[in-house]
Amino acid sequence: MFEPKPDRSRNEHLKEASRFLRGTLEESLARAETGAVTEDDTQLTKFHGTYQQDDRDLRAERMRKKMEKAFIFVVRVRVPGGVTTPAQWLALDKICEDYGNGTLRLTTRQSFQLHGIIKSNLKRTMQAINACLLDTIAACGDVNRNVMCSPNPYRSALHAETYELARQVGTYLLPRSRAYHEIWLDGEKVVDTSGPGDDGEEPIYGRFYLPRKFKIVFAVPPSNDVDVFGHDLGFIAIIEDGRIVGYDITAGGGMGMTHGRVETYPRAGDVMAFCTPDQVMDVSEKVMTVQRDFGDRIDRHHARFKYTVQDLGLDFIREETERRLGYTLGAPRPFRFEDQGDRYGWHQGDDGNWHYTLFVQDGRVKDEPGHHTLRTGLRAIAEIHDGEYRLTPNENLIIARVAPDKKAGIQALLDQHGLDRPLSGLRANAMSCVALPTCGLALAESERYLPDLLTVLEEKLEQAGLLRDDAISLRLTGCPNGCARPYLAEIGLVGRGPGLYNLYLGGAFDGS
Ligand code: SF4
């Protein structure tokens, strides 16, 4: 098993000493005198699907009053391919009301986020999420994250096949440590016999896990809604004669960078090879282990797979992957993407069922009195809907598999709650990250600013004689980590300070 060099980063030591992600988390959670966990444990909570944050709107005032920061946690739910049921929707809606800030956030990686949870409610939140048959394992941390897949249900046969692969890959690459169950679910305490040199508990990751997070996506052309080139490892379905014959493999995409550090940069993934569907699982594991063994464990700013690909070269990555696979991969085959966006409104699938793609401004599910009652409306829909939901990579929601005789009832609720609204082409293709007030890394506003920015730009478009429904992709983030993938948009705005943004122009509309 892999052994990093002795001069590895602090996080590497921390992971090794954590006893497979246990650390002192139980003690941290039990300490009533503070709303925080220890600094070391803040690194480990990520592997369990939660980040410690603080309400930054309250920071200055609390500092003046010599009070501890208003610590809160965000919990990210693992939802492979973004597929959930109405019962799960209702459960998450209740959890955000009981323990969070009363809103649900649909993320750019097809997950739910619950914001504003205080430490004393964290365990109850995790238990409630698990009770609805979802979990938060590996939703964050130096592991393979939520595996994404083009939702696209009206091309159902192809989508279903790809989704099933994505789900299997996601499950196979989960960390195996029992720490999650012990800490959050009061699971049976497994005797921890692991010591230095014993990797028995994590057969794929080992006790150092990965150098940084790792992201896998599956795209089904002609839609590049998952932004396949923005992730560490991608699979592009190759469709011939109406069936998927295999997948082109992309490697080395990634969005994050740091202002002022020129050695950090966003990178679009390269198309590396082709594999058959039955090779996908093996390829996923072997590419990930190449990064496990060759990724930078000294400088975390240089630890993502994109830098390994850039530094060692695509040929090396492919050869090393093939060496581990024990067979050669095929040459990439042609594919064609049309766009990165979602197609709103009703679409009928091959099986006769209907699917409604609903625009969710900034992915934030909440009521906006005077405009719409989104959260209330979606709750009402979940009560009558017997199909499923798909979270899109563009922070929107597909009400999927609506039987023809149920369509009118859903439409009536959409109308009643003000959810079926005309959109400008700009708004329909815009995305923001969460940023202030909860994200600790935010340098500028994003989610709270985007709706107003779009209104101003819509007016400017009309004044300039341009068409309101021209599709233009614009993405805004509060810092250069790029959670809303701004570097792959036609217009990217990236926060660098309060009220200050870098402007990036010229991404292709198909995300390439
Ligand atoms: Fe936070 Fe930056 Fe991600 Fe926005 S892009 S959510 S500010 S880390």
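In the predicted model, Arg475 stands opposite Gly492, a residue of strand E20. This placement belongs to the pairing of strand E19, which spans residues 474-477, with E20, the two being joined in the parallel sense over 4 bridges. Gly492 also has a bridge partner in strand E21, namely Tyr504, and the pairing to which that contact belongs comprises 6 bridges between E20 and E21 (residues 500-505), with the two strands running antiparallel. E20 and E21 together form a hairpin in which 2 residues lie between the strands, and Gly499, located in the turn, adopts a positive phi of about 75°.

A separate part of the analysis concerns the second largest pocket, in which about 720 Å³ of space is found. Its lining is made up of 32 residues, and those lying nearest the pocket centre are Gln361, Asp362, Lys366, Glu368 and Pro451. Two or more lining residues are contributed by strand E5 (112-117) and by helix H15 (450-463), and H15 gives the most to this lining, with 4 residues.

Key: Residues numbered from 1 in each chain as written. Predicted model: local features only at pLDDT ≥ 70, side-chain atom pairs only at ≥ 80, totals over all residues. Heavy atoms only, no water. Pairing = 2+ DSSP bridges. 1 Å grid on protein atoms, 1.4 Å probe; cavity = no way out; pocket = protein on both sides within 12 Å on 5 of 7 lines; lining within 4 Å. Points joined across faces, edges and corners; volume = space filled by probe spheres on them.
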